[in-house]
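Good morning. Please look at the sequence and the model on the screen.

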Amino acid sequence: MTLEICVKAAAGAPHVLGDCPFSQRVLLTLEEKKISYKLHLINLTDKPQWFLEISPEGKVPVLKVDEKWVSDSDVIVKILEEKYPVPSLVTPPEYASVGSKMFSAFVKFLKSKNPDDGSEQAVLVELKALEEHLKAHGPFIAGEKVTAADLSLAPKLYHLEVALGHFKKWTVPEDLTHVKDYMKLMFSRESFEKTKASKEHMIAGWEPKVNP
């Protein structure tokens, strides 16, 4: 039985995969578990009626499993793990929250117009904590194999790299070698290549939020 998934279409390009890190997290899970799925690209600025009927809040991703539609990437990933336990992507509980504050710190810094508001510092604190963790436990968050925590964090780091590079001319500091290696490792995975948005669509997706 093929699963169905609704994810964000690219801004201005409704037939191209968009830049939602939560959608990508679910797609990565499907790819890593080799589950076949049918993709529906949703234009979030002009949502089709059938989509609003299955997702009244109009949010993606939404997955159809056992004839019902489920929203929220946390819930979806959990269901996929229960239904398709092989290969296991379970993150050991002690590592499950690694990098969990990265995205909110990044968004705050990206939208910030005040260089002294501490938002850049907050991103560096998160990246340094990740550096220390990977130095002790890497190459992945839970050691030798990819788990759900990596599939959640990698899309957010990709957004961080592309959006901060474009809008702030900012890059991950060179001395965070484990973070840089980790990003290379994750971004070069076949599943990641297949499910990522292009840089220009990512920049187009952030543009209205950065310069409203």
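By contact I mean heavy atoms within 4.5 Å. Helices (H or I, at least four residues) and strands (E, at least two) are DSSP runs, numbered from the N terminus. This is a predicted model, in which local features need pLDDT of at least 70, side-chain atom pairs count only at pLDDT 80 or more, and totals for chains, interfaces and linings use all residues. Residues are numbered from 1 along each chain as its sequence is written, and side-chain values use heavy atoms, with hydrogens and water left out.

Let us begin with helix H3, residues 73-83. Its buried residues (under 20% relative accessible area, 1.4 Å probe, protein chains only) are Ser73, Ile76, Val77, Leu80 and Glu81. Seen down the axis of H3, these buried residues fall within an arc of 135° (taken from the directions from the axis to the C-beta atoms), so they line one face of the helix. On the other side of H3, Lys78 and Glu82 are exposed, that is, over 50%.

What covers the buried residues of H3? The cover includes strands E1 (3-10), E4 (62-65) and E5 (68-71), together with helices H1 (21-32) and H6 (148-167). At the N-terminal end, Asp72 caps H3, with a side-chain oxygen 2.7 Å from the backbone nitrogen of Asp74.

I turn now to the cavity lining. Its largest share in the largest cavity, 3 residues, comes from H1; lining residues have an atom within 4 Å of a point on a 1 Å grid, where a 1.4 Å probe fits but cannot get out.

Conventions: Polar contact = N/O pair within 3.5 Å; in protein donor to acceptor, adjacent residues only side chain to side chain.
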